[in-house]
Amino acid sequence: MENYIGCKIIRAELTNLEKYKSKKYGKNARIEIGDNLIEGYVVIYPPIGDEKECYISWSPKAVFEKAYRIIDNTEVDLINGFFSE
C-alpha cells in the first residue's frame, strides 16, 4: 500500500449528533437517546465533478480536530486567487 495526503477546503460547525442527523435527513432522521450528548462536526464538502450539491457528513470532535484547522480569510483569498488564474 502507498501513503497519501489530501487537501481540500471544507466548511464545518461544532454541534451534536442529533442536530447533524436532523440537518442531513430532515423528517427521516433516526434520532437515538443520547445523540444530543455526542459532540462532533457537521462537515460540508463542495460539489465535485458533475455533482450539483454539496455533500454533508459527520466527524467525531476528536477526529476532526486532529485532522483540520481553521483557515483565515487571507488563506482563502490566496487559494481562490491561485485557482482563478
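**Figure 1. Glu 18 is partly exposed in the predicted model.** Its relative accessible area is 29%. Glu 18 sits in helix H1, which covers residues 17–25. Beyond residues up to four places away in sequence, Glu 18 touches Ile 31, Asp 35 and Asn 36.

**Figure 2. Glu 18 and Gly 49, C-alpha to C-alpha.** In sequence, 31 residues separate Glu 18 from Gly 49. In space, the two C-alpha atoms are 30 Å apart.

**Figure 3. Thr 15 is a buried residue of strand S1.** The relative accessibility of Thr 15 is 14%. Buried means under 20%, so Thr 15 qualifies. Strand S1 spans residues 11–16. Neighbours within four places in sequence set aside, Thr 15 is in contact with Ile 38, Glu 39, Gly 40, Val 42 and Trp 58.

**Figure 4. The largest pocket holds about 810 Å³ of space.** Its lining comprises 22 residues. Nearest the pocket centre lie Ile 9, Ile 10, Tyr 68, Arg 69 and Ile 71. Strand S1 (11–16), helix H2 (61–67) and helix H3 (73–84) each give two or more residues to this lining.

**Figure 5. Helix H3 gives the most to the lining of the largest pocket.** Its share is four residues. By residue class, the pocket lining divides into 14 nonpolar, six charged and two polar residues.

**Figure 6. Three helices and three strands make up the secondary structure of the protein.** Along the sequence, the pattern reads β-α-β-β-α-α. The radius of gyration is 16 Å, well over the 12 Å that the globule rule gives for 85 residues, so the protein is more spread out than a compact globule. The C-alpha trace spans about 50 × 35 × 30 Å along its principal axes.

Figure 7. Of the 85 residues, 19% are buried. The accessible surface comes to about 7,700 Å². Carbon and sulfur atoms account for 54% of that surface. Among contacts between residues at least 6 apart in sequence, 40% join residues at least 24 apart.

Conventions: Residues are numbered from 1 along each chain as its sequence is written. This is a predicted model: local features need pLDDT of at least 70, side-chain atom pairs count only at pLDDT 80 or more; totals for chains, interfaces and linings use all residues. Side-chain values use heavy atoms; hydrogens and water are left out. On a 1 Å grid over the protein atoms alone, a cavity is a set of points where a 1.4 Å probe fits but cannot get out, and a pocket is an open set with protein on both sides within 12 Å along at least five of seven lines; lining residues have an atom within 4 Å of a point. Grid points are joined across faces, edges and corners, and a volume is the space filled by probe spheres set on the points. Ala, Val, Leu, Ile, Met, Phe, Trp, Tyr, Cys and Pro count as nonpolar, Asp, Glu, Lys and Arg as charged, and the others, Gly among them, as polar. The radius of gyration is taken over C-alpha atoms; the globule rule is 2.2 Å times the number of residues to the power 0.38. Buried means under 20% relative accessible area, exposed over 50%, partly exposed in between (1.4 Å probe, protein chains only). Contact means heavy atoms within 4.5 Å. Accessible areas come from the Shrake-Rupley method with a 1.4 Å probe; for residues, only the protein chains shown count as cover.
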